Amino acid sequence: MQKDFSGAYAIYGAYLDDAVAPVAGDTKVAFRLTGAAAKDMFDAIGPDMRDGCPDPQIRIRNRDMLLCRHRPKDGYRCDFGFDLSTGLSIGGAVGGAVCGE
């Protein structure tokens, strides 16, 4: 069943945590879903990672390049991405941002 969702995306070149303007052969997209869609994904990919974050209130779940988290103060969030030059799945979270901001 299709549902609407909230989220954000970025199209970039190089690396997400050191992004530059995309160019032919180096174009990637990172998606961040929040709200109900992220909760549905989080629930579907469980269980939590053991020792995912130092803060026990931050719960992390992942499958390959899909990474979701739940933090009580801001809810659910899932990050993933694709290399648009190859179509391959890539990570969509920036460095240590999963346990932090």
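I take two strands as paired if DSSP finds at least two bridges between them. Helices (H or I, at least four residues) and strands (E, at least two) are DSSP runs, which I number from the N terminus.

I note that the model is predicted, that local features need pLDDT of at least 70 and side-chain atom pairs pLDDT 80 or more, while totals for chains, interfaces and linings use all residues. Residues are numbered from 1 along each chain as its sequence is written, and side-chain values use heavy atoms, with hydrogens and water left out.

I looked up the pairing of strand 4 (residues 59–63) with strand 5, and found an antiparallel pair with five bridges. Arg 63 has Leu 66 of strand 5 as its bridge partner. Two residues lie between the strands of this hairpin, where Asp 64 takes a positive phi near 50°.

I then followed strand 5 to strand 6 (residues 75–83); these run antiparallel and are joined by five bridges. Here His 70 is bridged to Tyr 76 in strand 6. The hairpin of strand 5 and strand 6 has three residues between its strands.

I checked the cover of strand 5 (residues 66–71): five of its six residues are buried. Buried means under 20% relative accessible area, exposed over 50%, and partly exposed in between (1.4 Å probe, protein chains only).

**Entry: salt bridges**

I counted a side-chain nitrogen of Lys or Arg within 4 Å of a carboxyl oxygen of Asp or Glu as a salt bridge. By this rule I recorded nine salt bridges.

Asp 48 and Arg 61 form one, with the closest N and O atoms 2.6 Å apart. Asp 48 lies in the loop between helix 1 and strand 4 and Arg 61 in strand 4, so the pair ties together parts 13 residues apart in sequence. Arg 61 is buried at 10% relative accessible area, whereas Asp 48 is partly exposed at 30%.

Asp 48 also meets Arg 59 in a salt bridge (2.7 Å, N to O). I found Arg 59 partly exposed, at 28%.

Arg 71 and Asp 74 form a further salt bridge, at 2.7 Å between the closest N and O atoms. Arg 71 is buried at 10%, but Asp 74 is partly exposed at 41%. I also recorded a network of salt bridges that links Arg 32, Arg 77 and Asp 79.

**Entry: Leu 16**

I placed Leu 16 in the loop between strand 1 (6–15) and strand 2 (18–20). Leu 16 is partly exposed, with a relative accessible area of 22%.
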